[in-house]
Amino acid sequence: MPPQEQSPRSSARVTVVRILPIALVLGALIGLPRFADMAFLNAMVMVCIAALYAMGYNLLWGQAGLISFGHATYFAFGASCTIMTMAAIEGGSSFPTPLLPLAGGAASFLMGLVAGWFATIRTGVYFAMITVAITELVRAIVQRWDSMFGGEAGITSIRMAWGPIGFQKLLDVYYFTLAWTIIGILLLWFLQRSPLGTVIRGIREQEERVRFLGYDTHALKTLVFAISAGVSGMAGGLLAFTNESTNVALYEGAYSTTVLINTVIGGAGVFLGPVVGATLTTLFGYYVANLTYYWLLYMGLLFMVIVVYAPRGISGLGVDAVRRLRSGAPVRWDLLGRFALGWLVVTIGAIMTIELIGAVVQPSYGALARSSGVAWPPVRVFWVSWSPASPLTLGGIALLFGLGAVLLRDTAGTASRNVSTLADAIAGKPGPGV
Amino acid sequence: MDAFLVALLNGLVYGLLVFMVSAGLTLVFGMMGVLNFAHASFYMLGAYAAFLSGRYVGFWGGLVVATLAVGLVGLFSERLLLRKVRSFGHTQELLLTYGLFFMIEEVVKLLFGPTPVAYRVPDELRFTAFTIGNSQFPFFRLLMGATALVMFFGTFAALRFTRIGLIVRAAVERPQMVSALGHNVPIVFSGLFAVGSALAGLAGAVAGMYYPTSPAMAHELGSIVFVVVVIGGLGSLNGALAASLLIGVMTSFAVGIESTFGDLFRALGLSGLALPGLEAVQFSSIAGVLPYALMLFVLLWRPAGFAGNRA
Amino acid sequence: MRLKSILNTVGISAAGTLASAMLIGSAMAQTQIDVILPMTGPTAGTGELFKNGVDFAFSEVNDAGGVHGKKIAPRILDDGGTTQGGTDRVRQAISGGAKIILQGGGSAVAAAISADVKRWNERNPDNPVLLIMMGAEAAQLTKKDCHFYAFRTSTNADMRVKALVKALSENNRLGTKVFAINQDYSWGREMDAAVKENAAPFKYQVVGSVLHDVSKIQDFSPYVERIRESGAETVVTGNWARDLLLLMQSVASANLKAKFATVFLDEKGNIASAGKAAIGSYVATPFVAEAGGAEGEVYLKKFNEKTGANPVSAGNNAVMAIRLLSRAIAAVPEKDMLNATAVALALEKTTAPWVHGEVSIRAEDHQLRLPLVVGEVSTEAKFKLDGTDMGLKPVKVLTAAETEVAADGSCQMQRPK
Amino acid sequence: MTAPASGQGPVLVLENVAKRFGPIEVLAGINLQLNRGEKRALIGPNGAGKSTLFNLVSGRFAPSSGVIRLGERRIDGMPAHQLNRMGLSRSFQITQVFGGMSLYENIYMAVMSRYGKRWSFLRTGRVWRDIAEQTRELIAYAQLTSLADRQASTLAYSEQRALEICMTVATGPDLILLDEPTSGMSRAEAANMVAFIGRMTQGRTLLMVEHDMDVVFGLADTISVLSQGQILATGTPAAIRDDTRVQDAYLGGNVH
């Protein structure tokens, strides 16, 4: 869609529709530190880093159609190289502090060129497996190379002031991270809109056709891989900058998994989808982890629900809804309301079940039962004490699930029926039973 | 010589264990094109199922119960979940199994806690099978190997000599053709998925008595079995067996090598190039990553794997 | 019918929303002692041990009337066993007003948290935070990376190995040929070095030493063959979790007669999972009930009543940490009870009672001095573990003086003026 | 439309090209020559080796022996993108267009490649105006202007095929390979397609595989008959129609 194809008026309207929400969000992000305590500011720094990382990751998946299961390597390598540069600054090097993330980005870009050349020889599952293999090999080397990467104790450094900017307060770090995240996302946006971006999408759709148009797709995919690695490395660099330390644990699978989950939940098909996912899961992990030990299970459940019922992620749902509203077709509010209510009921039922089971299987629960003389001492969930074995509790949970099943009967699809998504409900398509 | 023989035997038994877990995965992968991330989770579930049921039905009964139970879990996973996302393509299927892998581990942690449970080799199986030199070879390791071999020949025969096997083999080769011939491919898929899961469950029940039965079990074997499937070649049972044995023997021998990276650099005449801090690292300490190096090599050199004929 | 059910749902969901809002609100409430533990993730098992110790020790303090008449209710934060989680939780804790942070779990997380606390204290000298690492064993934490506000209430590789070889050699169970097998990362390497260092004083020969990949080895049989060839009588290992279990399985199934001298064998689930393979192995640990006489039995019983679990391994370090901390807080004036500097200075002088003798902090590097017990896994032990018929039979109780390894002077801490 | 590059001598030469898959010899010693501006159809019964020959020329396989030349240069075993840059372009039997993009973008991408803009991050400079102009001219020449903004996946099948031909031509090739350009079309659609291809490939060299004899006789000025891995005959449509060997081997005398 080259710009000259659009009439000036519609493009102006599109600009307003697109720019306005972005401007609002940006304003909120800039004004946020006035209202945030240190913990929340730190959480937002982590959100920015996760968002940039996921955006870099999604260049590969959303644009080029390649799913990497080992992107932690580039994220971590960027972090390592940034901390080394920080240490060099500490030691008197004149590298300007504000450009630190570029050091990480450049290092990961170079590494991505090499790794990407190998990985993009193949596609699909084989591509994924090569990324896993490379990650394992790099991890094995890095973990043993203590003099370079600092082992599991890691490397620590300290942020050095640059001119008037001290970089000592978390506030400085927040604005710094935010700025670089926006720069990174803008870079990816221009890449997507560039001629090269068009070719990359072409590769995702019909690679052979692109080859027969004279493009060296292997070289292009290597480049895309390297850019993706570079942006991820920049995100890693921001993490090193924030934490003032790195260690080899960054190279482990968890950081490959998180970015994948963020992208799936947010939606790979929409440009800013990964940002949505990264924001949601980072804040979820940051705050819910202190409320329940089963937060990973909830996260897994959310992931599964998204994969099965909203394959285009949360942002995909949003885009579908907006498209639907714009097209002027009526929204089935009744269906949508029932759907939302149904999911809410099922969610509450699931949380009750998990929390009760989790509490009851603890050894300390047994000890409490013995010392108090009550067979089933009450458990607090949702600020109410429940007796886990009482018919009231069990019946209540059963009722929640039953109610959910009734409400979702026609909208969610059952085992024997075809899948119908939340998007269908928004789009007003009735389920098979209606 | 004895040491060599023992290392070889150990490598083979470990390779056979890996094969047990990979067998179902490679069949499912070959036929459905889905690299089932949750396969190793089924292996873990097998160990837990055998642990739970073993108290009531004994060790051998536990093996049967675990196989059947995990087969059922596989069947339900396919019919209730995987089937729903099939229309969205392989990527979505891959993500779904990835989510399952994640979920199963968390559910097991919820129910059984994060630490290992007491599922272990029954005392009556703790005896020496034979002796090589000074080394005594325990019976249950032999049992693990034997189970794998029975599994291999059983599956092989089922694929080769039964009608269902014929359909499955055909479906692995040309999925669209088989449905065109009027076979109910979805049912074949479900069945194959259930059988693949059941094989993983049996493997878990057998291996879980030797390995710690803990929520980390799936993670520990998970990536190795992918490596085997990729190296062995799409859907090839023979390839998976060869790859498993190779990996088993290779790791077993690598452990005995005491040379370091520094030695390698010197041997190559690159001592000047030796990276500081890395030359003292022993090869034996990186035995665990050899399979990945092998996989990388195979993928680049012979992308379809040992026995694969389709890229 | 349908209307009714919908109304019902609305009611429940409204209640749910309200409840979750309250839940979040209360979690944000200010607390002053935070405990950072790995309650999820790969090391959640260790987190559970610490949590038991923390729960027990604080109930002990509160049952005795609290400190300065105030009960202490710490908040437990989950770091997921990752360094990033640790860093995030430190910021949450400080932001929430915490002045004292207790940390349990692996060395890598402890190192990250310790560095974070150090930087915070340097940048905010008026508002320092005290850190007690209850379970991190990496040597550097009380050597090069030590700082005034960081305390470590666990052992380290040097102490564990010294206790093991001393107890075993004095009871003629060590033999003269020792094999060291450890994980290839800082902890394992420190164990390996400690085994070699103690060879001369305790008159044994290190006939082999292996470092292997962490949590990647599926089959230890090849290593077992190496041990067999070396003719080792004792195998010293700092391995934990599955690397320990698989190693012991392989040794037992190959009928190798070498004895194991270990560090983490008594963690939950290990003995049950290893089964008979564990018999005859030694472990150097802070607590063996049978060695503590009546006092040991009382402690075991009380701990069990409170937590439903046995006080094993690192859980005891949590109890020591909190006993020391509560005494240190009691020793400062009430207005200073959450002044990190005052409490830290008091901690350096505090001693606390322990089942096998007193524990105290060495002011020089903030390393804990503690007695250790070397026990043997046996069916004849008086108190069984893990629901098996096995338990720890004491071989020798080593006093704090005996387990102490002198500081090497590498800790250069900046003390407050 | 720019005119195809002119030059002397044959555009495509195959010398003794053979291809074996394991023990099976699919092609045995093929000699073939295409002169500039020639439109050649490759016909033959199923299994004669047409697809293999086609794939050898278009670089999907490397020959077991023999030489393939495009103009002066040897191209056997060369990767697809280099072949294209040297002036060879192909279409596919199963339509390959970029469904997620507009028709305009599809062709724009082909024209970009022709102008050597294969790595561009920026869209600055005169050349981009030329590329856009070229793209619009080509679309206009192909009489597809009304469809330019439509997403390719929403086009009708025959429109997608037309788009693909258009893309194939858009890189400015010396030699165009068409793989069954009318497969899956009705007779009327196929007739339109023949006219369309004729117009789009005017003055260019063409090699195509096609089953539909109406299309073959409508487009080709020479025909090569392939049977059992060898060229049985080459000649004008009339000569081939009258060749008894061809009739025996393939046409079975059924030609109208």
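**Salt bridges, interfaces and cores**

Over all chains, the structure holds 51 salt bridges. The coordinates come from a predicted model, and the account below should be read with that in mind.

One of these pairs is formed by the side chains of A:Arg144 and C:Asp213, which meet at 2.6 Å, N to O. The pair crosses between chains: A:Arg144 belongs to helix 5 (residues 124–144) of chain A, while C:Asp213 sits in the loop of chain C between strand 7 (205–212) and helix 7 (221–230). Both partners, A:Arg144 and C:Asp213, are buried.

Within chain C, C:Arg173 forms a salt bridge with C:Glu376, and the closest N and O atoms are 2.7 Å apart. Because C:Arg173 lies in the loop between helix 5 (157–170) and strand 6 (177–183) of chain C, and C:Glu376 in strand 14 (residues 372–378) of that chain, the pair ties together parts that are 203 residues apart in sequence. C:Arg173 counts as partly exposed because its relative accessibility is 28%, a value that falls between the limits of 20% for buried and 50% for exposed. In chain D, a salt bridge joins D:Arg40 to D:Glu38, with 2.6 Å between the closest N and O atoms, and both D:Arg40 and D:Glu38 are buried.

Of the area that chain C buries against chain A, 15% is supplied by C:Arg91, C:Arg119 and C:Arg123, more than by any other three residues. The rule finds 5 salt bridges across the interface of chain C and chain A.

Chain A also meets chain D, and this interface can be described in the same terms. Chain D and chain A bury about 3,000 Å² between them, 60% of it on carbon and sulfur atoms, and 3 salt bridges are found across their interface. One side-chain pair that meets in a salt bridge is D:Glu105 with A:Arg201, at 3.8 Å, N to O.

Which chains does chain D not touch? No contact joins chain B and chain D, whose closest C-alpha atoms lie 13 Å apart, and chain C and chain D do not touch either, their nearest C-alpha atoms being 36 Å apart.

We turn now to the interior. In soluble globular proteins, nonpolar side chains tend to be buried together. The largest nonpolar core here has 304 residues, of which A:Phe69, B:Leu35, B:Tyr43, B:Tyr211, B:Met295 and D:Ile107 touch the most other members. Helix 2 (residues 38–63) of chain A gives the largest share of this core, 17 residues. Leaving out residues up to four places away in sequence, B:Tyr211 touches B:Tyr14, B:Leu17, B:Tyr43 and B:Met144, and also C:Gln218, C:Asp219 and C:Leu246. There is a second, separate core of 85 residues, which includes C:Met134, C:Val165, C:Phe264 and C:Trp354.

A further residue of chain C, C:Val263, is found in the loop between strand 9 (259–262) and helix 9 (270–274). Why does C:Val263 count as buried? C:Val263 counts as buried because its relative accessibility is 0%. Apart from neighbours within four places in sequence, C:Val263 is in contact with C:Arg160, C:Trp187, C:Met191, C:Thr237, C:Gly238, C:Val283 and C:Ala284. C:Val263 and C:Asn239 are 24 residues apart in sequence, and their C-alpha atoms are 7.4 Å apart in space.

Helix 1 (8–31) and helix 7 (170–193) of chain A each supply at least two residues of the patch, and the largest share, 3 residues, comes from helix 1. A:Leu171 has its place in helix 7 of chain A, and A:Leu171 counts as partly exposed because its relative accessibility is 33%.

Definitions and conventions: Residues are numbered from 1 along each chain as its sequence is written. Chains are lettered from A and ligands numbered from 1 in the order in which they are written. This is a predicted model: local features need pLDDT of at least 70, side-chain atom pairs count only at pLDDT 80 or more; totals for chains, interfaces and linings use all residues. Side-chain values use heavy atoms; hydrogens and water are left out. Helices (H or I, at least four residues) and strands (E, at least two) are DSSP runs, numbered from the N terminus. Buried means under 20% relative accessible area, exposed over 50%, partly exposed in between (1.4 Å probe, protein chains only). A nonpolar core is a set of buried Ala, Val, Leu, Ile, Met, Phe, Trp, Tyr and Cys residues joined through side-chain atoms within 4.5 Å. Contact means heavy atoms within 4.5 Å. Buried area is the accessible area (1.4 Å probe) that two parts lose on being put together, summed over both. A salt bridge is a side-chain nitrogen of Lys or Arg within 4 Å of a carboxyl oxygen of Asp or Glu.
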